[in-house]
Amino acid sequence: MTGLSTVLIVVGLFLAGGVYSFQKQQMPKSVVLLLAIGSAMCLAAGVLRIQGVWE
């Protein structure tokens, strides 16, 4: 696992925690959606880098 993959996965998990927190605080749906999309993108990029698909 490379350093960038680790960073992307950690940031993705951090953002996923933010989604949960923002949802509990009943923040606007658009903010929660943007945070969820960012989280999914970071997690996907990290996993793809681990698999060697995206270098």
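Which handedness, left or right, does the crossing of α1 and α2 have? In the predicted model examined here, the crossing of these two helices is left-handed, and the paragraphs below describe the chain as a whole, then the pair of helices, and then several individual residues.

The protein chain contains two helices and zero strands. Its C-alpha atoms fill a box of roughly 40 × 15 × 10 Å when the box is taken along the principal axes. Of the 55 residues in the chain, 24% count as buried, and the accessible surface comes to about 4,000 Å², with 72% of that area belonging to carbon and sulfur atoms. When contacts between residues at least 6 apart in sequence are considered, 62% of them join residues that are at least 24 apart.

By class, the contact of α1 with α2 has 18 nonpolar residues, together with seven polar and two charged ones.

Two residues of α1 illustrate how side chains in this helix are placed. Serine 5, which is found in helix α1, has a relative accessible area of 0% and is therefore buried, since buried means under 20%. Leaving aside residues up to four places away in sequence, serine 5 touches Gly46, Arg49 and Ile50. Phenylalanine 22 is also found in helix α1, but its relative accessibility is 27%, so that this residue counts as partly exposed. With residues up to four places away in sequence again not counted, phenylalanine 22 touches Met27, Val31, Val32 and Leu35. The separation between phenylalanine 22 and glycine 12 is ten residues in sequence, and their C-alpha atoms are 15 Å apart in space.

In helix α2, leucine 33 may be considered. The relative accessible area of leucine 33 is 52%, and the residue is therefore exposed, given that the cut-off for this class is over 50%. Leucine 33 and valine 19 are 14 residues apart in sequence, whereas the distance between them in space, from C-alpha to C-alpha, is 8.0 Å.

The loop between α1 and α2 includes glutamine 26. This glutamine 26 has a relative accessibility of 71% and so counts as exposed. The backbone of glutamine 26 also deserves a comment, as its phi is near 55 degrees, a positive value in a residue other than glycine. Most residues other than glycine have a negative phi.

Terms used
Residues are numbered from 1 along each chain as its sequence is written. This is a predicted model: local features need pLDDT of at least 70, side-chain atom pairs count only at pLDDT 80 or more; totals for chains, interfaces and linings use all residues. Side-chain values use heavy atoms; hydrogens and water are left out. A crossing is left-handed if the near helix is turned anticlockwise from the far one by less than a right angle, and right-handed if clockwise. Helices (H or I, at least four residues) and strands (E, at least two) are DSSP runs, numbered from the N terminus. Ala, Val, Leu, Ile, Met, Phe, Trp, Tyr, Cys and Pro count as nonpolar, Asp, Glu, Lys and Arg as charged, and the others, Gly among them, as polar. Buried means under 20% relative accessible area, exposed over 50%, partly exposed in between (1.4 Å probe, protein chains only). Contact means heavy atoms within 4.5 Å. Accessible areas come from the Shrake-Rupley method with a 1.4 Å probe; for residues, only the protein chains shown count as cover.
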